[in-house]
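Me: I would like to learn how to read strand pairing, aromatic pairs and salt bridges in a model. Please take one feature at a time.

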Amino acid sequence: MLQVKYACKMPNQPAPLGVRPVRAFTDNYIWLIESPRAPARVVAVDPGDGAPVRAELERSRSSLAAILLTHHHADHIGGVSALLELGAVPVIGPEDSRIPQRTQTVRDGERCELPDLGLSFDILYVPGHTLSHIAFWGHGALFCGDTLFSAGCGRMFEGTPRQMHASLNRLGGVPPDTQVYCGHEYTAANLRFALNVDPKNAAALEYRERVARLRAADVPSLPSRMALELRVNPFLRCDDAAVRAAAEAHAGGPLREPSEVFGVLRAWKDKFH
Ligand SMILES: [Zn+2]
């Protein structure tokens with residue numbers, strides 16, 4: 001399994017990636033990545049709906065250059081066919097027969113190269129939410145679909161707690177200053193659960209205030225940063241004493257491994273309102 005490598009800090013850091021959200025359905029984000037070489041050429045990540053992406057392309061006078069897919073769920077791939085009506089572009093995603101529009105398959109440890117756009121992403125295989133879920137990591141940004149959310153994580157539809165826990169730990173290993181682009185605006189609800197598990201977490205308390213201000217102004221809470229997630233996200237903190245104690249109290253007995261702590265937290269969150 002690929003170990004996430006820490007990028008060297010170069011004296012002249014390249015400009016951060018230009019990324020903007022397109023809202024879809026009630027709480028999905030479709031991320032549009034600008035080519036560093038030609039900002040009017042964009043890559044769409046997880047276009048669950050074609051119409052809002054087409055509207056944003058028109059508004060910004062941009063053209064679609066490629067589509068990246070993290071997993072097969074309809075709210076992430078449902079707009080691909082409508083976008084391909086604009087013209088054929090590479091559709092890059094994991095090996096999965098449930099993603100029939102895919103033109104290029106990427107696997108764990110490979111690099112997704114888009115040389116004419118000046119973009120390149122490492123592929124991290126992160127099963128748990130679904131069994132073929134991948135994440136795209138590069139240029140100081142992580143596109144993690146429905147595996148990691150800010151202050152939370154995706155539901156385990158197809159994987160086991162051990163798989164999902166390992167996947168989240170892997171994502172947690174990217175450099176702390178990585179911008180984290182998740183598939184949904186779930187941060188406020190996730191923080192309610194995080195603070196129920198770990199009520200004295202000062203970083204989470206502060207974050208809750210910031211997210212409340214952003215959301216009141218209808219501003220996305222994303223992207224997050226990995227350094228923040230490592231402090232506030234209970235699903236990335238299964239070896240933390242307070243998180244473990246809360247999970248053991250909820251389970252009514254000792255838990256031997258962090259993946260067991262994760263399993264208890266995930267099942268607890270599924271029923272938490
Ligand atoms: Zn999903």
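Me: In which sense do strand β8 and strand β9 pair, and over how many bridges?

Reply: Note that this is a predicted model. Strand β8 covers residues 119–125 and strand β9 covers residues 134–138; their pairing is antiparallel, over four bridges. To put a residue on it, take Asp122, whose bridge partner in β9 is Trp137.

Me: What is the order of the strands in the open sheet?

Reply: The six strands run β7-β8-β9-β10-β13-β14, and the pairing is mixed. The edges are β7 (111–114) and β14 (224–225); each has a single partner strand, so one side of each has no neighbour in the sheet.

Me: Which salt bridge does Asp122 form?

Reply: The general idea is that side chains of opposite charge can pair when their charged atoms come close. Here Asp122 forms a salt bridge with Arg111, with 3.2 Å between the closest N and O atoms. The pair links distant parts of the chain, as Asp122 is in strand β8 and Arg111 in strand β7, 11 residues apart.

Me: Does Asp122 count as buried or exposed?

Reply: Asp122 has 13% relative accessibility and counts as buried, because the cut-off for buried is under 20%.

Me: How many salt bridges does a search of the whole structure find?

Reply: The search finds 20. One of them joins Arg107 to Glu95, the closest N and O atoms being 3.1 Å apart. Arg107 lies in the loop between β6 (104–105) and β7, and Glu95 in the loop between β5 (91–93) and β6, so this pair ties together parts that are 12 residues apart in sequence. Arg107 is partly exposed, at 39% relative accessibility.

Me: Which side chain meets Asp96 in a salt bridge?

Reply: That of Arg98, with an N to O distance of 2.9 Å. Arg98 counts as partly exposed at 36% relative accessibility, whereas Asp96 counts as buried at 8%.

Me: Which residues are linked in a network of salt bridges?

Reply: Arg20, Glu34, Glu56 and Arg59 are linked in such a network.

Me: Now the rings. How many aromatic pairs does a search of the whole structure find?

Reply: It finds 10. One of them is formed by Phe193 and Phe272, which are 5.2 Å apart centre to centre, with 70 degrees between the planes; this pair is edge-to-face. It links distant parts of the chain: Phe193 is in helix α5 (residues 187–197) and Phe272 in the segment after α9 (258–270), 79 residues apart. Phe193 is buried, with a relative accessible area of 0%, while Phe272 is partly exposed at 24%.

Me: Why is the pair of Phe235 and Phe262 edge-to-face?

Reply: In general, a pair of aromatic rings is described by the distance of the centres and the angle of the planes. For Phe235 and Phe262 the centres are 5.7 Å apart and the planes are at 70 degrees, so the pair is edge-to-face; the cut-off for that class is over 60. Phe235 lies in the loop between α7 (226–232) and α8 (241–251), and Phe262 lies in helix α9, 27 residues apart. Both Phe235 and Phe262 are buried.

Me: Which residues form one aromatic cluster?

Reply: Tyr29, Trp31, Phe121, Phe136, Phe143 and Tyr181 form one.

Definitions and conventions: Residues numbered from 1 in each chain as written. Predicted model: local features only at pLDDT ≥ 70, side-chain atom pairs only at ≥ 80, totals over all residues. Heavy atoms only, no water. Pairing = 2+ DSSP bridges. Helix = DSSP H or I, 4+ residues; strand = E, 2+ residues; numbered from the N terminus. Phe/Tyr/Trp six-rings, centres within 6.5 Å; stacked < 30°, edge-to-face > 60°. Buried < 20%, exposed > 50% of the residue type's maximum accessible area, 1.4 Å probe, protein only. Salt bridge = Lys/Arg side-chain N within 4 Å of Asp/Glu carboxyl O.
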